Amino acid sequence: MVALLRGVNVGGKSSLSMADLRAAAEACGFEHVRTYIQSGNLLLSAPGSPAGVAQKLRRSIAERTTLDPHVIVRTHAELAGVVERNPFARRGEDPAHLHVVFSETEASLGSVDGAAYAPEEAVGSGRELYLFLPNGLGRSKLAAALGRGGSAAGTTRNWRTVTKLLELANEMR
């Protein structure tokens, strides 16, 4: 499984060392625990449902630190599906401009009129919202609008991180 923590180590706020994150996961009894970069990405093996794993990990982090981060978990198969379904990758867009918002619920633009933000684009598929942001996430008016009016709160990862997490998950199999 892959656990994605929201808002960890972003902009100097909500600092969580990856050693502490690994320790929290191991305290849950999870195995093959491995982190990827300093932004709350964790690979692990665990029995149970993704929602149950997320709940256990969140509780363990809160017990050991001052943080209570939102945790979203995907199985290996779910993450592989996320990569396969990306409409922007399939049409050959530059991977540097692609992002995925992972949510617990059905992802959509909510009340946001995506067409108003062209050439930026967003497409919901299942619990993921795929973003094409040619000027980057930091300057994106669409991403800002989604943060205010989108129907699916979640955690965002750039395409390079998503594909690297799948690569690492494949190595664990």
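Select I37: with a relative accessible area of 43%, I37 is partly exposed (buried is under 20% relative accessible area, exposed over 50%, partly exposed in between, with a 1.4 Å probe and protein chains only). Before moving on, note that this is a predicted model, in which local features need pLDDT of at least 70 and side-chain atom pairs count only at pLDDT 80 or more, while totals for chains, interfaces and linings use all residues. Residues are numbered from 1 along each chain as its sequence is written, and side-chain values use heavy atoms, with hydrogens and water left out.

**Two positive phi angles**

I37 sits in the loop between β2 and β3 (41-45) (helices, H or I with at least four residues, and strands, E with at least two, are DSSP runs numbered from the N terminus). What is the phi of I37? The value is near 50 degrees, which is positive, in a residue other than glycine. Most residues other than glycine have a negative phi.

Now select H32, which belongs to strand β2 (residues 31-36). H32 is not a glycine, yet its phi is positive, at about 50 degrees. Is H32 buried or exposed? With 55% relative accessibility, H32 counts as exposed.

**The aromatic pair**

Select F88 and F132. A search of the whole structure finds 1 aromatic pair, and the rings of F88 and F132 have centres 5.9 Å apart and planes at 35 degrees, so the pair is tilted (rings of Phe, Tyr and Trp, the last by its six-membered ring, pair if their centres lie within 6.5 Å; planes under 30 degrees apart are stacked, over 60 edge-to-face, the rest tilted). F88 is in helix α4 (residues 87-90) and F132 in strand β7 (residues 128-132), so the pair ties together parts that are 44 residues apart in sequence. F88 is buried, at a relative accessible area of 1%; F132 also counts as buried, at 8% relative accessibility.

R91 lies over the face of F132, 5.5 Å from the ring centre (a charge sits over a ring if NZ of Lys or CZ of Arg is within 6 Å of the ring centre and within 35 degrees of the ring normal).

R91 and E121 form a salt bridge, with the closest N and O atoms 2.4 Å apart (a side-chain nitrogen of Lys or Arg within 4 Å of a carboxyl oxygen of Asp or Glu). E121 is in strand β6 and R91 in the loop between α4 and β5, so the pair ties together parts that are 30 residues apart in sequence. R91 is partly exposed, with a relative accessible area of 42%, and E121 is partly exposed at 29%.

How many salt bridges does the structure hold? There are 9. Select R74 and E128: their closest N and O atoms are 2.7 Å apart in a salt bridge. The pair links distant parts of the chain, R74 in strand β4 (residues 71-74) and E128 in strand β7, 54 residues apart. R74 and E128 are both buried.

Go to helix α6 (residues 159-172), where E167 and K164 are 3 residues apart and separated by about one helical turn. Their side chains meet in a salt bridge of 3.1 Å, N to O. E167 is partly exposed, with a relative accessible area of 38%, and K164 counts as partly exposed at 26% relative accessibility.

**Last stop: a cis bond**

Select A118 and P119. A cis peptide bond joins A118 and P119, with omega about 15 degrees. Most peptide bonds are trans. P119 is found in the loop between β5 (98-103) and β6 (121-125).
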